[in-house]
Amino acid sequence: SFLDRFKRSGDLVDVDKAISTHEQAVHLTPDGHANKPTCLNNLGNSFLGRFERSGDLVDVDKAISAHEQAVHLTPDGHASKPGHLNNLGNSFLHRFQHSGDLVDVDKAISTHEQAVHLTPDGHASKPGRLNNLGNSFLCRFQHSGDLVDVDKAISTHEQAVHLTPDGHVGKPTCLNNLGCSFLGRFEHSGDLVDVDKAISAHEQAVHLTPDGHADEPGRMSNLGNSFSHRFEYSGDLIDVDKAISTHEQAVHLTPDGHADKPRLLSNLGSSFLRRFKHSGDLTDSSTAISHFQSAAICFTGSPSVRFRAALQWVHLASRFHTSFSSALQGYCVVFDLLPQVAWLGQTILARHRELSSIGGIASEAAAVAISAARYDIALEWLEQGRSIVWSQLLDLRTPVDAIREKEPGLADDLVHVSQALEHAGSRDAGTRDFSLQSNEDLSMEQVAQGHHRLAEEWERLVERARTIPGFEDFLRPKKLGQLCSAANAGPVVVVNVHKRRCDALVLMPGLDEAMHIPLDSFSYEKGQELHQSLNRLLSNAGVRVRDVRGPKFVPISEHQSFQHILSILWSCVVKPVLDGLAFSVSHTADPPRIWWCATGHLAFLPVHAAGIYGKSEPGLKISDYVVSSYTPTLNAIINATQSREMFRKFGGLLAISQPNTPEQSPLPNTTVEMTHIKQHALDKFVVYPLEGSVASVKSVIEGMESYNWVHLACHAVQNRAEPTKSAFCLHDGHLELSTIIMKQFLHADFAFLSACQTATGDEKLSEEAVHLAAGLLLAGYHGVIATMWSIKDEDAPVIADRVYSELFSDAEPDSAKAALALHHATKRLREVKGDKGDLAFLSWVPFIHVGV
């Protein structure tokens, strides 16, 4: 009774009473009693009702748990089974709409299909269950774009409307959802028949909904969406005026704090935006910004809805208004919401999926900040909006010794929960044992909910830590003053590439502000063109996969050659930076260091090799001036430098060689690499070899835990579908990135990845640096030699020989000299191969240094 009144009124007091009484009913009903499933089902419905109003994830998780128990306890063939399945499907669907996890919508469809199948024709509940099944198909369509799903949604919704008698209380709901399905198909097909049907269904739904009903605002908003979409197609101003009017009523009828308020405000903003695009009236643009802003700053509702509203706000403000103040304010909200969109309560795979759809938001924000001459904010946002998942993992590993001195119990809780969260995040990679109380019998749903609760507990603990005097900024994004320490060892050049503009922001040793160097002769389009040329060149050469026989190069146009790519990088990016920093040609064997942190397409281009080749005079190549290293973020350098100060002493080299890995092409020269390493180490330094069959995944991990240097001469693969499954190919299987990032090699220092594509990354996640080299930095290594594409078996020993001859020439090996050693090694290989012809560049250009 309380729940039914809540559904009509929307009064939270009623749903709280419903939950309380249903909980008592469940508690007082003994296990095994025939009424237990019904009590659990009703409790689940009450939690789901409150979730729809509040948006609190705990409520929908509790709803799913109660509904799952109800389904489990209801015997097959029981008359209540279909209803319990239907309600479980509704809970999964609502959680999907909040979190975007595709597993939930697939479960929703599956359970709804079972519910419909088990409900006999003519049953009074058949239309409602068909309606819910249609909702699930529609939600999956909106995520996937698969027309089969929206056609199924329309078909089932039409059946639901047809089977619901006029005057039935469920008729408006079925009509509303049928209208949403037609509108969904119209957005994809552009067929006016569909949008006319959508308007007709939505008008009937609104007409049949009594005034004051809790569902009235949502149905009015959906009608407004239909008018708004028809206007976009037809240009009829009557439609957009109707859209605005109905959206305004919907917003007015929805109380503040309602979980659906951000969506309704966003829909209203979208209608004003459509009218602005038609009329050009800046008043409409300002009004649209106001509504998007209101949606973005709501304290309840789906984070993804608020995030998209914030994006609309900043795009409009930065494009059509002369003042940058509103846009800058909006980007602050964007970055506040970003950790909620890629939430710690999701798996790493799910977070990467969310981030791949967001694109280069950090570069976009930085470009606007640079236009406003706010170079400090630009750098802070670039740091905050890139390598987000890596940063989250690093936050979980933040030492809490200082907090332990103030509150030992809080420090212990932070460590305990952070460790559990790390394992929870990688559960898609096969990890089950992550919860605070390990239980092998946990269902996948219990595992997921345990992950949600851990993330919420972590957020509470961090907020608690911030109440301690002196810890107010605990785990908050670093400000420029803190980021400047990244340049302690040399200049760090952050290159921002965006369609609006391209710039370098440079941190210099001893300076507490960023130096701005505009890159007026470079552009987003030029970077995209160079990236495409490089990809064609590499594919043409067959170096996307390592082949012992070496690349078979077929000449292509001059404008797709290495010389062309490297000369453009030189003239448009590197030379302007070197000139801005007043670098001159170095005549010593130890040139100054520089670090590159690139965004967008530039992140996949060999900035470290930029130059004009084929000419002998000095001053035309980057290597004439500096020794180059890369870093995925400024924080990566800061963390590596700080931890390296604690573990500088050489603690032995683990050397892995895989000349004949099962199911891979032979790499005979990996044994030559091993020979070079042993020759240079002699008896002075500990080298622990793992060759051939003894190099198992287990033995390699154990070796990495024992020795602080590692050399991996083997095959490696970059997995583009699931980047964290990128791996080193060892004798008995793959050592995956997902496994590496879960490790903390406490004494790790230096890694030489003499393998293929260890710093390639994923183009859909260009700002996330999802590759093996970055993973090793995250696992605790301070510096890594890696490869941008597949290397030739004959070249790797040449590089390794020169690198280790330098690193092992001192009384104590120093990994900080690895970048210089690689600089000399690639120079030597370049001299052997020559500076002409793309085959020569394919040999030495892929080798890079990452870290300190």
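Contact, on this tour, means heavy atoms within 4.5 Å. You're looking at a predicted model, where local features need pLDDT of at least 70, side-chain atom pairs count only at pLDDT 80 or more, and totals for chains, interfaces and linings use all residues. Residues are numbered from 1 along each chain as its sequence is written, and side-chain values use heavy atoms, with hydrogens and water left out.

**Stop 1: a single alanine**

Select alanine 317, which sits in helix 15 (residues 303-320). Helices here (H or I, at least four residues) and strands (E, at least two) are DSSP runs, numbered from the N terminus. Is alanine 317 buried or exposed? Its relative accessibility is 1%, so alanine 317 counts as buried. (Buried means under 20% relative accessible area, exposed over 50%, and partly exposed in between, using a 1.4 Å probe and protein chains only.)

Now show what alanine 317 touches: leaving aside neighbours within four places in sequence, the contacts are Ile289, Ser323, Ser326 and Ala327. Try the distance tool on alanine 317 and alanine 327: they are 10 residues apart in sequence, and 5.1 Å apart in space from C-alpha to C-alpha.

**Stop 2: the largest core**

Next, select Ile403, Phe562, Trp596, Leu602 and Phe728. In the largest nonpolar core, with 218 residues, these five touch the most other members. A nonpolar core is a set of buried Ala, Val, Leu, Ile, Met, Phe, Trp, Tyr and Cys residues joined through side-chain atoms within 4.5 Å. Helix 26 (residues 562-580) gives the most to this core, with 11 residues. Colour domain 1 (1-118) and domain 2 (634-851): both give residues to the core, so it lies between them. Those domain bounds come from an automatic or database domain assignment.

Zoom in on leucine 602. Which residues does it touch, not counting those up to four places away in sequence? They are Val495, Val497, Phe522, Leu569, Val573 and Val607.

**Stop 3**

Strands of a sheet pair through backbone hydrogen bonds, either parallel or antiparallel. Here, two strands count as paired if DSSP finds at least two bridges between them. Find the open sheet of 3 strands in the order 9-10-11, with antiparallel pairing. Strand 9 (715-717) and strand 11 (733-736) are at the edges with a single partner strand each, so one side of each has no neighbour in the sheet. Strand 9 is joined to strand 10 (residues 727-730) by 3 bridges, and alanine 716 stands opposite phenylalanine 728 in strand 10.

**Stop 4: strand 13**

Move on to strand 13 (residues 783-787), where 5 of its 5 residues are buried. Gly783, Ile785 and Thr787 point one way, while Val784 and Ala786 point the other way. Strand 12 (residues 750-754) runs parallel to strand 13, joined by 3 bridges. On the other hand, strand 14 (residues 847-851) pairs with strand 13 in the antiparallel sense, over 5 bridges. Click valine 784: its bridge partners include alanine 751, and in strand 14 its partner is valine 850.

**Last stop: confidence**

Finally, colour by pLDDT, the predictor's confidence in each residue, from 0 to 100. The protein's mean pLDDT is 91, and 94% of its residues reach 70 or more. Which stretch should you select now? Over residues 429-440, pLDDT stays under 50. Where pLDDT is low, the predicted coordinates should not be read in detail.
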